[in-house]
Structures are given as C-alpha cells and as structure tokens.
Number of protein chains: 2
Amino acid sequence: MKHLHVDVKQDLLRANDLLARSLRETWVRQETFVVNLLSSPGSGKTSLLEGTVESLRSSYRVLVLEGDLETDRDAERIRARGVEAVQITTGGTCHLEAHMIAQVWEQIKEKTYDFVFIENVGNLVCPASFDLGEHLRVVLLSVPEGDDKPAKYPKAFRTAQWMVLTKMDLLPHFDFDPDRAEAEARKLRPDIRVFHTSSRTGEGLDGWVRALILAREKTFSRS
Amino acid sequence: MKHLHVDVKQDLLRANDLLARSLRETWVRQETFVVNLLSSPGSGKTSLLEGTVESLRSSYRVLVLEGDLETDRDAERIRARGVEAVQITTGGTCHLEAHMIAQVWEQIKEKTYDFVFIENVGNLVCPASFDLGEHLRVVLLSVPEGDDKPAKYPKAFRTAQWMVLTKMDLLPHFDFDPDRAEAEARKLRPDIRVFHTSSRTGEGLDGWVRALILAREKTFSRS
C-alpha cells in the first residue's frame, strides 16, 4: 500500500459565510478596509503588523485583532506601537470564525476605522476555510519554512489575493528559491501578488504599505 | 474592549480514543514502537526522519506514515532513503485521526515493524487533540519559529513527552533562547525531555536515535 486518500465531506460553512458577508457590508459602508493575515506559527505576522501600523498610524485610524489559542502577547506588542488591539483567544479552536469578529464588532460599533488587520491563529490549514468578511486575504510564507509549502498547503495560497515572503534577510542561510515559491503559488492562483519583505532590515515594507493604501482607495472609490 | 474569550465545548473524541487504544494494543503485541511527530509546517519533521531512518534501517524494520493535505513528496523523500513509506493525504483535514491509521493497518497487517514513525500534518494546533495510538509523542520546534511558541500553542507541548529543538545551527541568526523555550515547555509539562538537533550539521542526531532505541526497549521489556 502506497497511498491512502481520506475523503472528507466539506462542511458548507454557510452560517459563517452569511455572517462574513454581513460584516463586509458594514465595513463597506464605513469605508473600513479589512485585511485577514494567515500563516504558520512564527512566520512573522505580528512583526509585519508592527511595522505596518507604525507607518499607517499617523494618517489612518487603525485597529488590530489578534487571534491566538492562548496569551495576550501579540496584542501587547501592537499596543506598544500606539495602536488599538483586541486579543481574541480561541481556547482550543484552530482558526478565527466570523462570529468571533462579529462579537468584537458588537462592542466597538460606535467607533470606525480606516484599516482593520486581523491576525489569524498561526495555522496554515484551518483559517483558509473561514471567510471573516475581509476585503483582502494575505498569506505569509517565511524563508525558513521552505519554498514547497504552497503545494503542500494549497487552500491558504489559493484563497489569498496576496502572498508576502517574509524574513528575506535569511535567504543566504536557506535553500529557499523565491521564484519557485512564487511559481508554486501561481499554479494555485495565477493572479496572486507577491511581496518580498524583511521585518528585521525593513526591506519591502514601504512597498507593502503603499500597496495597502492603494488597495483601500480602489475598494472604496466611487465610479 | 480588550479581550474576547471564546468558549469552545471540547469534543470528547471518544471514538478516536477507543480506536487509538486498540491500535496501541496491537502494536504492544507486535513490539512495534510508534512515534507521532507534531510541528508547524517547515519545522523539519521530514528532515529529522530522513536522518533517523538512515540510522535505524540496518538494524530495525522501519515504516513511515506521512500525513499531508496534498502531495506525495514527503513519502518520496523517505523512500529515497530505502525505507518503506505510506502517504496519507487528508484532503482538507488539518490532522491525522486514528481511523486513518487503522485503515492503513488493515492493508499491511501481515507485516510487522520495530519502529513506525507517523509524521502528522504540519500544524501546531489540531493534531495535538488526536491520539493515534502512539507510544511516544514528539513535538518539534525550529529556531526560526521563536521561543515563545510553547506558551502560544500549549496543547502540543503539554501532550508531548519529548520536544526536539530543530535547526539549531541557525541559532546565531535568531533571537531564540533554547533555555527559554525549554522553560516555557516545562511550565506546561515539567518532565518533558528536550533534544537539540540540526539536520544540516548532524548535531544531536546520534543522541536522539539512541534515546528512541532505549525508549523502545523500555516499553517492551518484560519485568
């Protein structure tokens, strides 16, 4: 025996998707641009967000939602940059769901924001199945993880409009080919947009932040 | 609002645990020592196994079960070392379950092995909840992921008897403190045994393989 394929009946996740749609409608009315960040544990989501909110906070109202199984550490890191953060601890749940975001929104609905960043639970599998009402889904892939990860975790890369390659300063120490990672991701999503960044050196952060601002403007521009 | 805690009713996973127990009984009868490896994507599970089976194959009958969402690549890497490997692709499922292992065992029951290594789906969350009937659970944590991961993904570290710190050759390039990682893991599981390895330099591999052989002997020794 060489291979066992387990067929899993996909739950249609209808309730989640309906709630996500309603959240998205609210955010469109408020011109709140919402970004959902997905990756493995330790790919650098929080570090990327630290740099991002630092750049945006003088001109935009920014909120960060931090999803973790346990601990408040990530929200503390964002607050240390002078930006509001809500920690969502999921207990054992391996991903964020739209109802968790909706519960937060019930509490803060009187306030509006220009950007909301949702840092999902560190997990390259489960979060890919749950729409949170975001306008933009971004998957991070760090150089130490290896350039074979898009093929092995396809849903995360198929459902993300953007891919950020992180920890690019470590390229000399790894057998990681950014072109191969990009080619593998494009097999799953031909139009995926790719960024190269390093939170340590600052490489690529300006371009990433500019792209976020333009994506927000494009989303809310009246034709 | 600073914090939302989502209470999730834990499924008791009774069916899985019953099946796992039955698998374990079979393996005890056959003196098959079964190791379940858990980690994030890209922590180096397959690389560690490549070195491990290379050391064991001359003296022991070894089988590797490779769990992945998609692709046969990991099983191919093991077979290239001259060791049998079965690829289990889970479709979208974020972890292996005992029934998947049992299905494989139905096919290969006429054969017996001294060591079976199960490489779980790359995910530091979901696999921690599923007993596969293993004698030993091992969690890997790679230096690039950061030493804060035990606190953030507690169940994986609480349920593993052993922790392997991998990619230790990269320590000079990261702000990773192995003592801190170990202290965090010991808060969750005081008796956790810790190994320091590098699949690139070979550091620590001999000690790890020796410990596996001793653990197998101890498990099956008649008193």
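Residues are numbered from 1 along each chain as its sequence is written, and chains are lettered from A in the order in which they are written. Since this is a prediction, local features need pLDDT of at least 70, side-chain atom pairs count only at pLDDT 80 or more, and totals for chains, interfaces and linings use all residues.

Me: What makes β3(B) (residues 62–68) mostly covered?
Reply: A residue is buried if 20 or more other C-beta atoms, placed from the backbone, lie within 10 Å of its own. In β3(B), 7 of 7 residues are buried, with B:Val62, B:Val64, B:Glu66 and B:Asp68 on one side and B:Leu63, B:Leu65 and B:Gly67 on the other.

Me: How do you know that β3(B) and β5(B) pair?
Reply: Strands pair if DSSP finds at least two bridges between them. β3(B) and β5(B) (residues 115–119) have 5, in the parallel sense, so they count as a pair. B:Leu65 stands opposite B:Ile118 there. β4(B) also runs parallel to β3(B), over 6 bridges, and B:Ala85 is the bridge partner of B:Val64.

Me: Which residues make the contact of α1(B) with α4(B)?
Reply: The axes, lines fitted to C-alpha atoms over the stretch in contact, come within 9 Å and cross at roughly 35°. Contact requires C-beta atoms, placed from the backbone, within 7 Å; among the residues involved are B:Leu19 and B:Leu23 of α1(B) and B:Ile101 and B:Trp105 of α4(B).

Note on methods. Axes fitted to C-alpha atoms, helices over the stretch in contact; angles between N-to-C directions. Helix = DSSP H or I, 4+ residues; strand = E, 2+ residues; numbered from the N terminus. Contact = placed C-beta atoms within 7 Å. Buried ≥ 20, exposed ≤ 12 C-beta atoms within 10 Å, placed from the backbone.
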